[in-house]
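Colleague: I've got the fold open on my screen and I'd like to go through it with you. Can we start now?

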Amino acid sequence: MTDSAKKHMENILSKQGKQYVKLSVKGGGCAGFTYEWNAVDTIDNDDEVIELANGNFAIDGKGLMFVIGTTIDYKQEVFGSYMSITNPNATSSCGCGESFGV
């Protein structure tokens, strides 16, 4: 996770008054799986937690095997900003970047 991603997550937690930014992997999308982002106060016992300077980042335990080795970056461009996920486990992805296959 890049420093810009960490800072963005901390800003989200501060603005929303939540304890965790959580990344989950769900079935669906045109490539088979989708990433789902949420700001939450509670997590599941099997979730993986990474402490940030001001908050926590949690990865859904059920989807952890699909994102091991993934790089998460926050990018700001002329037409908007977004979380960029570079997943070495993905064998295919959708053109929009919202879904992936393994």
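Colleague: Leaving aside neighbours within four places in sequence, which residues is N87 in contact with?

Modeller: Bear in mind that this is a predicted model. N87 sits in the loop between strand 6 (80-86) and strand 7. Once neighbours within four places in sequence are set aside, the contacts of N87 are Y35, F66, V67, T70 and F100.

Colleague: Is N87 buried or exposed, and what is its relative accessible area?

Modeller: Buried means under 20% relative accessible area. N87 falls below that cut-off, so it counts as buried, with a value of 10%.

Colleague: And which backbone nitrogen does the N87 side chain reach?

Modeller: We're still in the loop between strand 6 and strand 7 here. The N87 side chain makes a polar contact at 2.8 Å, and the backbone nitrogen on the other end belongs to N89.

Colleague: What about the open sheet of six strands, what order does it have?

Modeller: The pairing in this open sheet is mixed. Going across its six strands, the order is 3-4-1-2-8-7.

Colleague: Which strands stand at the edges of that sheet?

Modeller: Each edge strand has a single partner strand, so one side of each is left without a neighbour in the sheet. The two in that position are strand 3 (48-52) and strand 7 (92-93).

Colleague: Which residue in strand 4 does I50 stand opposite?

Modeller: Strand 3 and strand 4 (residues 55-59) run antiparallel, joined by five bridges. Across that pairing, the residue in strand 4 opposite I50 is F57.

Colleague: At about what angle does helix 1 run to strand 1?

Modeller: Helix 1 (residues 3-16) lies across strand 1 (20-27), strand 2 (33-40), strand 3 and strand 4. Relative to strand 1, helix 1 runs at about 105°.

Colleague: Now the nonpolar side. In the largest nonpolar core, which residues touch the most other members?

Modeller: In soluble globular proteins, nonpolar side chains tend to be buried together. Here the largest such core has 15 residues. Helix 1, strand 1, strand 4, helix 2 (64-67) and strand 5 each give two or more residues to this core. The ones touching the most other members are M9, V25, Y35, F57 and I72.

Colleague: What does I72 touch, not counting residues up to four places away in sequence?

Modeller: I72 is one of the core residues that touch the most other members. Not counting residues up to four places away in sequence, the residues I72 touches are M1, T2, A5, M9, L23, W37, F57, M83 and S84.

Colleague: Let's do charges. Which residue forms a salt bridge with D41?

Modeller: Side chains of opposite charge can pair when their charged atoms come close. For D41, the closest N and O atoms of the pair are 3.6 Å apart. D41 is partly exposed at 34% relative accessibility, and its partner, also partly exposed at 32%, is K18.

Colleague: Is D44 buried or partly exposed, and at what relative accessible area?

Modeller: K22 is buried at 11%, and D47 is buried at 9%. D44 sits in the loop between strand 2 and strand 3. D44 counts as partly exposed, with a relative accessible area of 38%.

Colleague: Last one: which backbone nitrogen does the D47 side chain reach at 3.0 Å?

Modeller: Leaving aside neighbours within four places in sequence, D47 is in contact with K22, I59, D60 and G61. The backbone nitrogen that the D47 side chain reaches at 3.0 Å is that of G61.

Definitions and conventions:
Residues numbered from 1 in each chain as written. Predicted model: local features only at pLDDT ≥ 70, side-chain atom pairs only at ≥ 80, totals over all residues. Heavy atoms only, no water. Pairing = 2+ DSSP bridges. Helix = DSSP H or I, 4+ residues; strand = E, 2+ residues; numbered from the N terminus. Contact = heavy atoms within 4.5 Å. Axes fitted to C-alpha atoms, helices over the stretch in contact; angles between N-to-C directions. Salt bridge = Lys/Arg side-chain N within 4 Å of Asp/Glu carboxyl O. Buried < 20%, exposed > 50% of the residue type's maximum accessible area, 1.4 Å probe, protein only. Core = buried A, V, L, I, M, F, W, Y, C linked by side-chain atoms within 4.5 Å. Polar contact = N/O pair within 3.5 Å; in protein donor to acceptor, adjacent residues only side chain to side chain.
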